[in-house]
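Open the model in your viewer and keep the selection tool at hand. We will go stop by stop.

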Amino acid sequence: MENKSLQQGAIITFVAYLLWGIFPIYWKLLEHVPAGEVLAHRIVWSLVFMIFLVLVTGNWRHFMETVHILKKDRKKTIAIITASIVITINWFLFIFSVQHGHVLQASLGYYINPLISILLAVFVLKEKTTKGQVLSFILAGIGVLYLTLSYGVFPWISLLLALSFGFYGLIKKTVNLHAMYGLTIETLVIAPVALLYLIVIPSEGSFTFSPLFGADNLLLIGAGIVTAVPLLLFAAGAKRIPLAMVGFLQYIAPTIMFFLGVFLYNEAFTIHHMITFALIWLALIIYMASIYRDAPRGRKKGKRRHITV
């Protein structure tokens with residue numbers, strides 16, 4: 001039974017990362033719509049879909065109880081508001097990078113993300129780190145520095161994507177909400193701003209009420225579904241598999257983005273990019289090796305690692 005649960009968890013988590021990996025194709029279909037407008041629709045329709053999901057699954061009472069508990073805890077309230085802002089920045093950057101031909105930078109950002117998480121864990125959570133993890137962070141830093149100096153372009157999209165998602169993960173770890181409730185509350189916090197944006201900022205005519213079910217309308221409405229589904233799949237799958245396996249599977253998404261950027265969207269891939277990615281990949285190999293090497297020690301000590309999303 002345990003092996004079956006492990007297998008199911010691995011498949012579900014794999015599908016989540018697969019969907020995240022092909023996200024650029026979806027946002028590319030909306031490249032004629034301003035990134036801010038796409039983001040606003042993504043937030044609003046994510047909220048609509050999540051409320052629908054909470055109601056359909058019969059979890060409305062539990063959801064409201066969670067909201068009331070949060071309202072009484074000032075620190076958690078501030079944390080969830082901050083998380084909403086940070087993930088909104090991350091969503092905008094990702095949509096912007098895809099629409100403006102920077103899929104490779106987005107890919108690099110999500111390769112760097114675990115290494116940023118190491119840095120945050122050490123300096124914010126005061127967690128101990130291994131020599132391998134320190135070495136992996138140094139190699140990643142050299143890669144980014146090399147690209148900046150040799151290619152003359154600072155990969156600000158990559159670093160902001162990595163930093164924003166890293167801080168989002170850190171905040172989520174401190175709040176520790178159910179994935180379904182967390183996303184619902186986060187979109188609820190930022191939705192008024194998104195609605196105001198859609199009302200005040202002149203639309204490019206992308207969303208129309210006649211016909212209501214035109215191609216652009218369906219894509220913008222669907223943004224809520226494609227945002228929520230991978231997150232919920234990840235939440236369901238990750239809790240059934242070891243943390244080390246989660247760490248391995250997370251590189252599926254940026255790898256798919258990498259191939260999309262190079263082979264589908266024909267983005268420039270120079271020798272400088274190759275050296276940078278090689279350093280990042282080497283850093284990740286060392287990082288993963290340190291996780292797998294330390295995993296048996298954790299099991300011997302009877303410790304269980306908690307996965308938050």
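Start with helix 1, residues 2-21. Helix 1 gives the most to a nonpolar patch, contributing four residues. This is a predicted model.

Now select the whole patch: Ile-11, Phe-14, Val-15, Leu-18, Ile-22, Ile-25 and Leu-264.

Next, go to Ile-256. Which helix holds Ile-256? Ile-256 sits in helix 12, which covers residues 252-264. Show what surrounds this residue. Leaving aside residues up to four places away in sequence, Ile-256 touches Leu-18, Gly-21 and Ile-22. Then draw a distance from Ile-256 to Leu-19, C-alpha to C-alpha: the separation is 9.7 Å. Along the chain, these two are 237 residues apart.

Select helix 5 (residues 74-99) and helix 9 (residues 179-200). Their axes come within 9 Å and cross at roughly 80°. Helix 5 and helix 9 are therefore roughly perpendicular to each other. Which residues make the contact? On helix 5, colour Ile-80, Ile-81, Ala-83, Ser-84, Ile-85, Thr-88 and Trp-91. On helix 9, colour Leu-183, Ile-185, Glu-186, Thr-187, Val-189 and Ile-190. By type, the residues of this contact divide into nine nonpolar, three polar and one charged.

Last stop: charges. How many salt bridges does the structure hold? There are two. For one of them, select Glu-65 and Arg-61 and show their side chains. The two meet at 2.9 Å, N to O. Both lie in helix 4, residues 60-72. They are four residues apart there, so about one helical turn separates Glu-65 from Arg-61. Side chains of opposite charge can pair when their charged atoms come close.

Key: Residues numbered from 1 in each chain as written. Predicted model: local features only at pLDDT ≥ 70, side-chain atom pairs only at ≥ 80, totals over all residues. Heavy atoms only, no water. Axes fitted to C-alpha atoms, helices over the stretch in contact; angles between N-to-C directions. Helix = DSSP H or I, 4+ residues; strand = E, 2+ residues; numbered from the N terminus. Parallel < 35°, antiparallel > 145°, perpendicular 65-115°, else oblique. Contact = heavy atoms within 4.5 Å. Nonpolar A, V, L, I, M, F, W, Y, C, P; charged D, E, K, R; others polar. Patch = residues over 30% accessible without salt bridge, like charges linked within 9 Å, V, L, I, M, F, W, Y side chains within 5 Å. Areas by Shrake-Rupley, 256 points an atom, 1.4 Å probe, with all protein chains shown as cover. Salt bridge = Lys/Arg side-chain N within 4 Å of Asp/Glu carboxyl O.
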